[in-house]
Amino acid sequence: MEIQEFDEKGPDVDAIKKEFDDAKADLSFWMDKAEQGRECRFNEWAGKDESGKKNGPEAFPWPGSSDLDPNLVNPLIDGDVAMLNQSLSQSNLVAAPVESGDIGSAKLVSEFLKWRMGSMEELGREGAIGANYLLQNGLTFFGTYWKRETTRVFQDINLEQIAQQSPELAMAIQDPEMKEGVEEMLFGLFPNLKKRRVRKMINELRKDGQTQIPTEKVVVNRPAVKAYELGREIIIDSNVIDLESARSIHCIHYYSPEALMQKVNEGWDKEWIEEVLENSKGFYADESYSSDLMSYDSGNFYGTQDYEGMVRVVTSYRKELDEDDVPICTITCWADEAEGHGFHSPMEYDQGRYPFVCITRESLNHRLLDSRGYPELLKSYQIAVKTEMDDRRNRASMSTMPPVEFQAGRKPDRLGPGAHLAVRRRGEVGFMEIPRYSPASMEVEMQIRQIAAKLTGRATSPDDAVEANMIRQNLVNRWLGGWKELLKRIWALDRTYAGPEVWFRVTNNEQGATLILDETSSVYDFNITWNSLNADEEKVLQKLDTVGKIMVQYDRQGTFKTDAYLRKYLEAVDPNLAGQLIAPVEEATDKEIQETSSDIAKIASGQVVNVPQQGVNSQLRLQQLQQYLQGTPEVPATDVVQRMQEDENFAKRLQTYAGQLEMMQTQQKNALIGQLGTAPGNVPGTSMAA
C-alpha cells in the first residue's frame, strides 16, 4: 500500500475516483440495512394501499383485510430528536483551559462560543436532521466549514471621493480628450466590470459629478455546520474504526450552474467549471440506499430525486504527508464530467484533522457502522404490534358482517338490513359463528409498546425509572460528546478566518488578539453537558426547591445568589416568564429610587403615604430618605430641616414613612432570629471540615 503524499502540482484524480467508487460499493450492505430501517420507521412495505386495507390476489387473510400503520418506531424517534435538540439548545457550555495560564480567559472563550452557536442560523435545523440520522441509522455525521456569502450592490461615488484616492484619475475624468485613457484606467481598477458599465460611469461622472459602482457586500461570514447522511451525502470506507483513521472521506454536493460559477471567487479553476457545465447532462439519479430499491407511491418520504438542472461535484478529503512528513488534510473537488480537478489545496485550519465528526448511538465494538438505530432494534416489536392491531380490526369486520351459511343451491339474493329471505324452515340461512373476542390482544400490544419504551429509555414503572434515566442520559452524553468535538473545529475556524474584530465586538475585551491569533489559543477543551431530567418540569421544580432550602439553611457566608435562583426557578416554569417578571438589578434600583422620590414629593404636598407591603427594598429607601434630609455638600437640605422644625404635620408624615421602613427591617431581623434562635452577630461563624 502506497503512502499518500501531497503534490503541489495536483492530485491523481483517477485514484481518488477509484477510492470513491470502492468505498461506495463497500457501503451497499449497510445501505440495504438502512433502507430497511427507513421502511420500518415510516411504515412502508410492498403493496401498501393508502386505504389501510390489503388488496390484490395475494392479500391475506382476504382482500380488504386490515393493513394498518403500527407507528411504534417513529414516535420514539421523534421524542428523542426533540430531547437531543433541547439538550443542545439548553446545554451548559464551558471552555476548560488545558494550561493554568489560560484560566482567566476560559470564561471569555465560553461566552464567545455561546454567542457563536446562537449566530449559526442553521444550527437548529442541521441538529434536528443529524439527530434523526443518529436514531434512525445508528450514526450521524456533521461537517464544519467557513460560510462566506456575498452579494453585489450599488455604491454611490463622486468626483471628490475619487480625487482623494487618485487626483490624476479625477482630472482625467473631467478632461473630454482623455476618453480612451480614462476607460483603460477604470478597467484596471474594476476588472470585473463590463465595458458598457465603465462607459456609463464615466458619462455620469462628467455630467452629474457622481455615479454608482457595483461592489460586493459580504452578507454571511461565519462558521457553519451541516449534517451528512452516510451513503447519500458522505462516503467513507465501511471498515473505518475511527473517523480520523480514514484515508479519505468524500462528500457529494449538488450545485446550480450559477452557484458553481460563484466558486471562481473562492479559488476554483474557471476553465474546469466551464468544462463541467458544458458536459453536464443536468440529470442525476438519487443516491438510493439500495440497487434493488422497491418503487413506492409518490407519498414516499424520500421519493425519487433526479436533481434536474443541477451539477454533481464530489469533494474528497484525504490524509497525506507533505515533503517534511507532516500530516495534512487535503481538499480536492472533482466531477465525472471533466478531467482533473476544480480545486485542490491543504486545509487552512485545524491542520491534520478532518472537518467531520461522527456520532454513534452505541459502541458495540470498534466499527462505526455496527451501531444500530431504533428501527433495527424494534422492527420485530413493530411487526408484533401491527399483527395485534390488524387482528382486532379484522375481527371487528367479521363481527359486523360474518360469513353466511345456507343450503347448497339456495343462496340468498341479498343480505343486509331490510332484506327478504325465502326459506323452507328457520335456520336454513344464518351467520357462521366467529371466534370469540379476547381482551388479551390489547394487553399484548400495550406490553410490547412498554418493552419498546423501556429499550429506548422510557420509564415504564417506578422500578425502572433510574435505569431509564441512565439510558437517556447516556444518549444525551454521546450526542453532546460529538458536539464537543464540533466546537473545537468551530473555534479553530473562528481563529483562522474571523480575526480579532469579531472577538472585540462580542466580548469587548482587549485580550482578543492574543486569544484569537496566538498559537496557544487552541489549548482549550470544551465541556458541554445537559441533564436529561431537565426535560421533566416537575422534577426540575423539586430539585430547585431542595436547592433553595439547602442554601437558606447552610449558606453562612451569604454567597447564595437569590436573584439568579429566582430567574432559574421561573425559567423552569416558563422560559418567557423570567424576562417578563424579573427586572435587571440596575433597573430595579432605579425603580426603587424613583418610587421613593415620588413618595417624598407626595409627602411634601401634604399626603400621608404608606410604604408598599411587598417588593420593597427598605434599606435602599431609607438611604434615599436620609439623602433627602441631608442634601449634598454643594446644596445642603437646610430648607427641608427648617420645614420639619416649623411644620409639625410634615415631620409626622416623614416619620410615619420612615417608621414603616424601619419596621420592615425589624421584621426581617426577627425572622432571622427565629431561624438562629438568638440575635444574629455581625461576624459569620467559622466552618471547618473535619
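# Chatting through a predicted model

Tutor: Let's start with Thr332, which counts as buried because its relative accessibility is 0%. Keep in mind that this is a predicted model.

Student: Okay, where is Thr332 found?

Tutor: Thr332 sits in strand β7.

Student: And what is Thr332 in contact with, leaving aside its neighbours within four places in sequence?

Tutor: Its contacts are Pro11, Ile16, Val314, Thr315, Ser316, His341, Phe343 and His344. Take Pro11: along the chain it is 321 residues apart from Thr332, yet the two C-alpha atoms are separated by 7.8 Å.

Student: What's the order of strands in the open sheet?

Tutor: There are five strands, ordered β4-β5-β6-β7-β8, and the pairing is antiparallel.

Student: Which strands stand at the edges?

Tutor: β4 (234-235) and β8 (343-346) do; each has a single partner strand, so one side of each has no neighbour in the sheet.

Student: How many bridges join β5 and β6?

Tutor: Eight bridges, in the antiparallel sense, between β5 (residues 248-255) and β6 (residues 311-321). As a landmark, find His253, which stands opposite Val313 in β6.

Student: Switching topic: how many residues are in the largest nonpolar core?

Tutor: That core has 84 residues. Those with the most contacts inside it are Leu84, Phe141, Leu230, Ile234, Phe356, Trp479 and Trp483. Helix α14 (residues 465-498) supplies the largest share of this core, twelve residues.

Student: Let's zoom in on Phe141. What is it in contact with, leaving aside neighbours within four places in sequence?

Tutor: Phe141 is in contact with Lys226, Ala227, Tyr228, Leu230, Ile234, Ile236, Leu243, Val357 and Cys358. There is also a second, separate core of 16 residues, and Leu159, Phe187, Ile202 and Leu205 are among them.

Student: What about rings? How many aromatic pairs does a search of the whole structure find?

Tutor: Twelve. One is Phe142 with Trp479: the ring centres are 5.9 Å apart and the planes are at 70°, so that pair is edge-to-face. Phe142 is in strand β2 (residues 139-158) and Trp479 in helix α14, so to speak two distant parts of the chain, 337 residues apart, and the pair links them.

Student: Is that spot buried or exposed, starting with Phe142?

Tutor: Phe142 is buried, at 0% relative accessibility. Trp479 is buried too, also with a relative accessible area of 0%. Trp479 has another ring pairing, with Trp483: their centres are 6.0 Å apart and their planes at 65°, so this pair is edge-to-face as well.

Student: How many residues apart are Trp479 and Trp483?

Tutor: Four, about one turn of helix α14, where both lie. Elsewhere, Tyr255, Trp268, Trp272 and Phe343 form one aromatic cluster.

Student: Now charges. How many salt bridges does the structure hold?

Tutor: It holds 34. One of them joins Lys386 and Asp67, with the closest N and O atoms 2.9 Å apart.

Student: Which parts do Lys386 and Asp67 tie together?

Tutor: Lys386 lies in helix α12 (residues 374-400) and Asp67 in the loop between α2 (28-41) and α3 (73-89), so the pair ties together parts that are 319 residues apart in sequence. Both residues are buried.

Student: Which residue forms a salt bridge with Arg318?

Tutor: Glu320 does, with the closest N and O atoms 3.3 Å apart. Arg318 counts as buried at 9% relative accessibility, and Glu320 is buried at 5%.

Student: Which residues are linked with them in a network of salt bridges?

Tutor: The network links Glu244, Lys319, Glu485, Lys488 and Arg489.

Definitions and conventions: Residues are numbered from 1 along each chain as its sequence is written. This is a predicted model: local features need pLDDT of at least 70, side-chain atom pairs count only at pLDDT 80 or more; totals for chains, interfaces and linings use all residues. Side-chain values use heavy atoms; hydrogens and water are left out. A nonpolar core is a set of buried Ala, Val, Leu, Ile, Met, Phe, Trp, Tyr and Cys residues joined through side-chain atoms within 4.5 Å. Buried means under 20% relative accessible area, exposed over 50%, partly exposed in between (1.4 Å probe, protein chains only). Contact means heavy atoms within 4.5 Å. A salt bridge is a side-chain nitrogen of Lys or Arg within 4 Å of a carboxyl oxygen of Asp or Glu. Two strands pair if DSSP finds at least two bridges between them. Rings of Phe, Tyr and Trp (its six-membered ring) pair if their centres lie within 6.5 Å; planes under 30 degrees apart count as stacked, over 60 as edge-to-face and the rest as tilted.
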